[in-house]
Amino acid sequence: MNSTERPDRTAERSAAADPVRDRPMTTDEIRAAYADQADRLYRFDFADRLLAGRYRRRQFGDAEGRVLDVACGTGTNFPYLPASVDLVGVDVSPEMLAKAGDRLDGLALDGTLRRMDAQDLEFPDDSFDTVISALSTCTFPDPVAALREMERVCDPDGRILLVEHGRSDVGPVARFQEWREDAHYASAGCRWTQEPLAVAAEAGLSVREAETSFLGMITTIEARPE
Ligand SMILES: C[S@@+](CC[C@H](N)C(=O)[O-])C[C@H]1O[C@@H](n2cnc3c(N)ncnc32)[C@H](O)[C@@H]1O
């Protein structure tokens with residue numbers, strides 16, 4: 001479904017109290033959570049390929065030029081990027097970056113990895129032609145700051161490409177997510193009832209394309225820096 005056809009519940013949802021977002025974990029707590037998860041996420045990569053692979057391929061398959069992958073994790077996006085790109089991957093977790101390095105070694109892709117906070121990117125303005133990020137805004141203590149940073153470092157003629165997940169459009173699934181959201185956040189540092197388009201709107205991103213799929217839980221977003 002295209003964003004123009006999707007009922008706009010952004011205002012209604014962003015106005016609602018969000019217990020998880022209102023008391024975010026710190027960046028250090030998130031880093032610790034992912035230190036424990038890096039090995040398991042890397043080993044169970046096949047599950048991600050099955051569930052999210054097609055969205056990553058569609059969203060990132062035509063990335064161009066200097067590409068920044070923000071919160072690259074174990075490098076799950078890397079196999080979907082064209083071999084021609086010049087890649088920089090950043091993440092706050094050294095354990096996740098170590099796995100990303102292993103993955104990069106097995107690919108015909110030029111890339112460097114740096115430990116960095118997405119909310120405070122250590123790059124000058126307009127440094128990248130394409131800024132990509134997947135399944136990340138749900139974990140940032142301040143996702144609005146991170147999206148603004150992505151926009152800042154993206155060239156004015158470039159693109160910001162996101163694959164995000166959030167609250168389902170299907171009532172029973174959404175209710176299950178709501179029931180488990182606190183426990184899920186405590187164990188995985190992930191706000192799985194977030195509204196990706198509401199976060200993008202709050203960051204002032206100029207969204208050109210957005211599409212939701214997978215029971216409304218996956219949202220792909222293409223934005224252009226203003
Ligand atoms: C759910 S994982 C997604 C990883 C990868 N993008 C993917 O699609 O598989 C979230 C990632 O965000 C990273 N992260 C969380 N907060 C961060 C921050 N403030 N700055 C940079 N990375 C962060 C975590 O370390 C973790 O690797």
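The side chains of Arg 152 and Asp 125 meet in a salt bridge, with 2.8 Å from N to O; a salt bridge here is a side-chain nitrogen of Lys or Arg within 4 Å of a carboxyl oxygen of Asp or Glu. Arg 152 lies in helix H5 and Asp 125 in the loop between S3 and S4, so the pair ties together parts that are 27 residues apart in sequence. Helices (H or I, at least four residues) and strands (E, at least two) are DSSP runs, numbered from the N terminus. This is a predicted model, in which local features need pLDDT of at least 70 and side-chain atom pairs count only at pLDDT 80 or more, while totals for chains, interfaces and linings use all residues. Residues are numbered from 1 along each chain as its sequence is written, and side-chain values use heavy atoms, with hydrogens and water left out.

**Salt bridges**

- By the rule above, the count comes to 16 salt bridges.
- Arg 152, at 24% relative accessibility, counts as partly exposed; buried means under 20% relative accessible area, exposed over 50%, and partly exposed in between (1.4 Å probe, protein chains only).
- A salt bridge also joins the side chains of Arg 103 and Asp 45, at 3.1 Å from N to O.
- This pair links distant parts of the chain, with Arg 103 in helix H4 and Asp 45 in helix H3, 58 residues apart.
- Arg 103 and Asp 45 are both buried.
- The side chains of Arg 224 and Glu 222 form a salt bridge at 3.1 Å, N to O.
- Arg 224 is partly exposed at 27% relative accessibility, whereas Glu 222 is buried, with a relative accessible area of 16%.
- Arg 224 and Glu 222 belong to a network of salt bridges that also links Asp 62 and Arg 159.
- Side chains of opposite charge can pair when their charged atoms come close.

**Overall architecture**

- The protein has seven helices and seven strands.
- From the N terminus on, its elements run α-α-α-β-β-α-β-β-α-β-α-α-β-β.
- Of the 226 residues in the protein, 51% are buried.
- Among contacts (heavy atoms within 4.5 Å) with a separation of 6 or more, 70% are between residues 24 or more positions apart.
- The accessible surface of the protein comes to about 10,500 Å², and 50% of this surface belongs to carbon and sulfur atoms; accessible areas come from the Shrake-Rupley method with a 1.4 Å probe, and for residues only the protein chains shown count as cover.

**Nonpolar cores**

- The largest nonpolar core has 26 residues, and those with the most contacts inside it are Leu 68, Phe 123 and Val 131; such a core is a set of buried Ala, Val, Leu, Ile, Met, Phe, Trp, Tyr and Cys residues joined through side-chain atoms within 4.5 Å.
- Two or more residues of this core come from each of strand S1 (66-70), S2, strand S4 (128-134), helix H5 (143-153), strand S5 (154-165), helix H7 (196-202) and strand S7 (218-224).
- H5 gives the largest share of this core, five residues.
- Leaving aside neighbours within four places in sequence, Val 131 is in contact with Leu 68, Val 70, Met 150, Val 153, Cys 154, Arg 159, Ile 160 and Leu 161.
- A second, separate core of 18 residues includes Leu 81, Leu 87, Leu 97 and Leu 104.
- In soluble globular proteins, nonpolar side chains tend to be buried together.

**Helix H4**

- At 1.5 Å a residue, the 12 residues of helix H4 (residues 94-105) should span 16 Å, and its end C-alpha atoms are 16 Å apart, which agrees; the expected span is 1.5 Å times one less than the number of residues.
- Buried residues in H4 are Met 96, Leu 97, Lys 99, Ala 100, Gly 101, Arg 103 and Leu 104.
- These buried residues pack against helix H2 (27-43), H3, strand S2 (86-91) and strand S3 (110-115).

**Surface patch and Phe 214**

- Leu 50, Leu 51 and Phe 214 form a nonpolar surface patch with about 300 Å² of accessible area together; patches are made of residues with over 30% relative accessible area and no salt bridge, with like charges joined within 9 Å and nonpolar side chains (Val, Leu, Ile, Met, Phe, Trp, Tyr) within 5 Å.
- Leu 50 is found in helix H3 (residues 45-60) and is exposed, with a relative accessible area of 66%.
- Phe 214 lies in the loop between strand S6 (206-213) and S7 and is partly exposed at 33% relative accessibility.
- Not counting residues up to four places away in sequence, Phe 214 touches Leu 51, Arg 54 and Tyr 55.
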